[in-house]
Amino acid sequence: MRMFRYITSLILYLSAVVFQHLATASETLPLSQNWRLQSSAQVKAGGEQLSTPGYAAEGWYPTSVPTTVLAALVENKVSPDPYYGDNLKSIPGYREGRWLVMPEGSPFKVSWWFRTEFELPASHQGKDVALHLDGINYRANVWLNGRQVANSNDVIGMFRRFEFNITEFARTGAKNALAVECIPPGQFEDKQYRTKQLEATTGWDDHNPYPPDMNLGLWQNAYVTATGPARLRNPYVLSDLDVPSLKKAGLTVTVDVVNTTDAKQTAEISGKIEEITFSQTVELGPNETRSVRFAPDEFKQLTISKPRVWWPNPLGPQELYQLELTAHVQGQVSDTNNVRFGIREATTYINDEGWRGYKINGRNVLIRGGAWMTSDMLLRLTHKRYDALIRYARNANLNMLRSEGFSIRETEDFYNLCDEYGVMVTQQIFGRNIPDEPLAIKCIEDMMLRVRTHPSLVHFLGHDETFPTPTLDQAYKDLLAKYDVNRTYQPHSGAFDVEERVKTGGTRTGTLELWTYATPGHYYTHKEDGAWGFAQSGGIGGIIAPVESMRKMMPEQALWPPWTDIWSFHTVIQGGKYFDAVVNALNARYGQATGIEDFCKKGQLLNYESARGMFEAYARNKYSAMGITTWKYDAAWPASPTWQYVDWYLQAGGAYYGAQKACEALHVQYSYDDHSIYVVNSLYQEFKNLKVWARVFNLDMTEKWSKESTANVDPDGKTSVFAVEWPADLTKTHFLRLDLADLGGKPITSNLYWFSTVPDIPADPDQTTGRHFLQPKSVADFTDLSKLLPVKLELASKIQDQGREKLVSATVKNPTPHLAFAVHLAVRKGADGPEVTPTFWKENYFSLLPGEEKSVAAAFYPEDLGDVTPTVSVDGWNVLK
């Protein structure tokens, strides 16, 4: 019964999430269920007949909306699971590599029909009825009850919401039939194009294979609204916060009021923000749309004292307000519209070196985050997946996601969760220039009107690795000004040559080296592609998924050795050899991998040390280093190695937990360039008399050097405490343990590094191409880690319910005289079952000194568990199971 109540409440919660930011008119009818789908090649009837109630759609595929055509065919088992093995290659229309043109003979080159029937309630009688299609890829002809509502000359562009007045077509208290003919993108001459984008549709660059249908379909919500003669559209609250005091904020409320009739209308527009109320009367001409504004200079109540301010995590709470708007005509409610907003000031600036920096509520903030890619190849954009990925970012104190320009223009669900979890967003506008510039502008206009309400959105990028045309660049600036979007903008994602950074907007992109493999010391020892300035890309290269994920994505015989055809397919479109540098580094540093288990085990260490080193370098170098959105945070399909901190199965591995360690709010860290120990504070409060303790151990845990000191650290500051003095008689592999405690000795955090007497020495830059040789002069040798003696750990755990999730408390003790290295905790489905994903651990892949005990917390959702009893397991590099 408890589970039933939980599932019921979850369904209601998700329903509220899905529709809370639709056009929340007085009456909204979702059109999500009871759809049928069929290829136009199999349908002889036209739109008039297909949109007749009672039409017998025999042989059509049942589906729901939102969906793409291929997602629906997979759901109906017409097409195989495209995420497993090389199944995707067997789906008709599949093409290798990067492509923009739908191939001849593809079943997706023709249009596909979506059809549904629904009943409009009698309460809609006498009201203005509108059909909303919030996402169509790519063109559409729309028919209702035997009449064409709109045609494909007007209904075009994936990143636009469409609203059609269907009052004259709709039948209240009776069945209505809706038929939408979706026409695919990619209708060009099949030749090579010197661009990565031709249309206002989603793309995948080189991240993963392209779905054969090119994401054709109704990919966002469909619904019907009914209102009186005055409709409310595009509500917005612009906040003007007093900084740095934060004691006062002025709120400017705007909303578009649409007269849907051919007669003049008088409408009273009233608003409410908690206890604050305001209203004004407007006269609307026939079919007029007018922007109505409530400014604090006229409406004094919109100047509020002691506002609750929105902060990104972990700098403060994510305070949100609700604006409720109502339109009355002749004393009757004509429409309502609500929008959530936050009060904050987000700005960017260019520093003396020409790099872009960020401020939030008047304070500097170091950006440490990742590039965000469309989260699913078939656009199955579930709340579960969004919640997991964005919560993972918060859990690691990753404070920004850069929504990539080849991706979709992200959904309300994405932005709502970023608002709630305190993750800032930089939104890229397009990947490349497209020939149809007026369409591009329409898409971006709609996007700006939709996303400007979200406090998490802080900055816009123009195009990816290139400039918009002068026409588009000016149009973007004009739209930002026209709609008071109040975010900064730069035209280009980032320079390849850092000397060009001022022209591109104060940021740089990555290099071949950083897209393949980077050592943990790279961001300390390099300047131009190290922790200096702001990097919109770059990173640590290929990230290796845990072995459980590998086994989910392909058959066992494909898992070894690198690169079988199937494994190579599950990397990037260049194939597995693109990441040979990762494999070479893994084998050189940790010893030749003997199989997939050993490869993935070593891969977690390889990625952990690199991710930690990168993010720590940015913290040590702030604010000469302004930040990084590493390439990239998530993946749209199962892949490894690829660019991902959380994999498609929502599993977090070594790279993620290395980043989490580095991004602790109060942190102690080692510098790979000058051996200094720093305390880094990401919070806006001072800490005094912190105890810092550093110890160096040989492989057998013999202590070789130790030093203690105290340190103070300013708000958002960093303090150099002392330098490590390396003894001469160290084993080839040795360790540095750092501990940070408060004045009373209460532990705050610890950090364990592993080093080799064989140093990492990178290759010299290739001055002729500006790129780098990938074969280093010397590689750190950690092969002696295989000699660590096995340990048996003591584990005690407790799992309890809290709201809509389960909390885990786990305490691990190392009772042995040996190091327990890279300890990994997992919540499992039963004693020997698979790992529950997502699980949000506060720390993982940590190490325990002899006799040390650590308590770690985690959370997961019960619906991801199924009907089995959860258990907590522990394993590790040298941990006996």
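Me: Which residues of α14 meet α15?
Reply: From α14 come Gln 604, Asn 607, Tyr 608, Ala 611, Arg 612, Phe 615 and Glu 616, and they meet Gly 654, Ala 655, Tyr 657, Gly 658, Ala 659, Lys 661 and Ala 662 of α15. By class, this contact has 7 nonpolar, 4 polar and 3 charged residues. The structure is a predicted model.

Me: What makes α14 roughly parallel to α15?
Reply: The axes of α14 (residues 596-620) and α15 (residues 654-662) cross at roughly 30 degrees and come within 7 Å. Angles under 35 degrees count as roughly parallel, and α14 is therefore roughly parallel to α15. The crossing of the two helices is right-handed.

Me: Why is α6 called roughly parallel to α7?
Reply: The angle between α6 (residues 437-451) and α7 (residues 470-482) is about 25 degrees, and their axes are 10 Å apart. The limit for roughly parallel is under 35 degrees, so α6 is roughly parallel to α7. In passing α7, α6 makes a right-handed crossing.

Me: Which residues of α6 and α7 make the contact?
Reply: On the α6 side they are Glu 437, Ala 440, Ile 441, Ile 444, Glu 445 and Met 448, while α7 contributes Thr 471, Leu 472, Ala 475, Tyr 476, Leu 479, Leu 480 and Lys 482. Sorted by class, the contact of α6 with α7 has 9 nonpolar, 1 polar and 3 charged residues.

Me: Why is Ile 441 described as partly exposed?
Reply: The relative accessible area of Ile 441 is 23%. Buried requires under 20% and exposed requires over 50%, with partly exposed in between; Ile 441 is therefore partly exposed. Ile 441 belongs to helix α6. Apart from its neighbours within four places in sequence, Ile 441 is in contact with Leu 472, Ala 475 and Leu 479. From Ile 441 to Val 451 the separation is 10 residues in sequence and 15 Å in space, C-alpha to C-alpha.

Me: How do you know that Cys 443 is buried?
Reply: The relative accessible area of Cys 443 is 0%. The cut-off for buried is under 20%, so Cys 443 is buried. Cys 600 is buried as well, with a relative accessible area of 2%.

Me: Why is α5 described as largely enclosed by the rest of the structure?
Reply: Of the 10 residues of α5 (residues 412-421), 9 are buried, so the helix is largely enclosed. The buried residues are Glu 412, Asp 413, Phe 414, Tyr 415, Asn 416, Leu 417, Cys 418, Asp 419 and Tyr 421. Just after α5, Gly 422 has a positive phi of about 75 degrees.

Me: At what angle do the axes of α4 and α5 cross?
Reply: They cross at roughly 30 degrees and come within 10 Å, with α4 covering residues 383-395. The passage of α4 over α5 is a right-handed crossing. His 383, Tyr 386, Asp 387, Ile 390, Arg 391 and Arg 394 of α4 make the contact with Asp 413, Phe 414, Leu 417, Cys 418, Glu 420 and Tyr 421 of α5. These residues divide into 6 nonpolar, 1 polar and 5 charged.

Me: Which peptide bond to Pro 641 is cis?
Reply: The bond is the one joining Ser 640 and Pro 641, with omega about -5 degrees. Pro 641 lies in the loop between β31 (625-630) and α15. The bond from Thr 837 to Pro 838 is cis too, with omega near 0 degrees, and Pro 838 is in the loop between β41 (820-829) and β42 (839-841).

How values were computed:
Residues are numbered from 1 along each chain as its sequence is written. This is a predicted model: local features need pLDDT of at least 70, side-chain atom pairs count only at pLDDT 80 or more; totals for chains, interfaces and linings use all residues. Side-chain values use heavy atoms; hydrogens and water are left out. Buried means under 20% relative accessible area, exposed over 50%, partly exposed in between (1.4 Å probe, protein chains only). Axes are lines fitted to C-alpha atoms, for helices over the stretch in contact, and angles run from 0 to 180 degrees between N-to-C directions. Helices (H or I, at least four residues) and strands (E, at least two) are DSSP runs, numbered from the N terminus. Angles under 35 degrees count as roughly parallel, over 145 as roughly antiparallel, 65 to 115 as roughly perpendicular and the rest as oblique. A crossing is left-handed if the near helix is turned anticlockwise from the far one by less than a right angle, and right-handed if clockwise. Contact means heavy atoms within 4.5 Å. Ala, Val, Leu, Ile, Met, Phe, Trp, Tyr, Cys and Pro count as nonpolar, Asp, Glu, Lys and Arg as charged, and the others, Gly among them, as polar.
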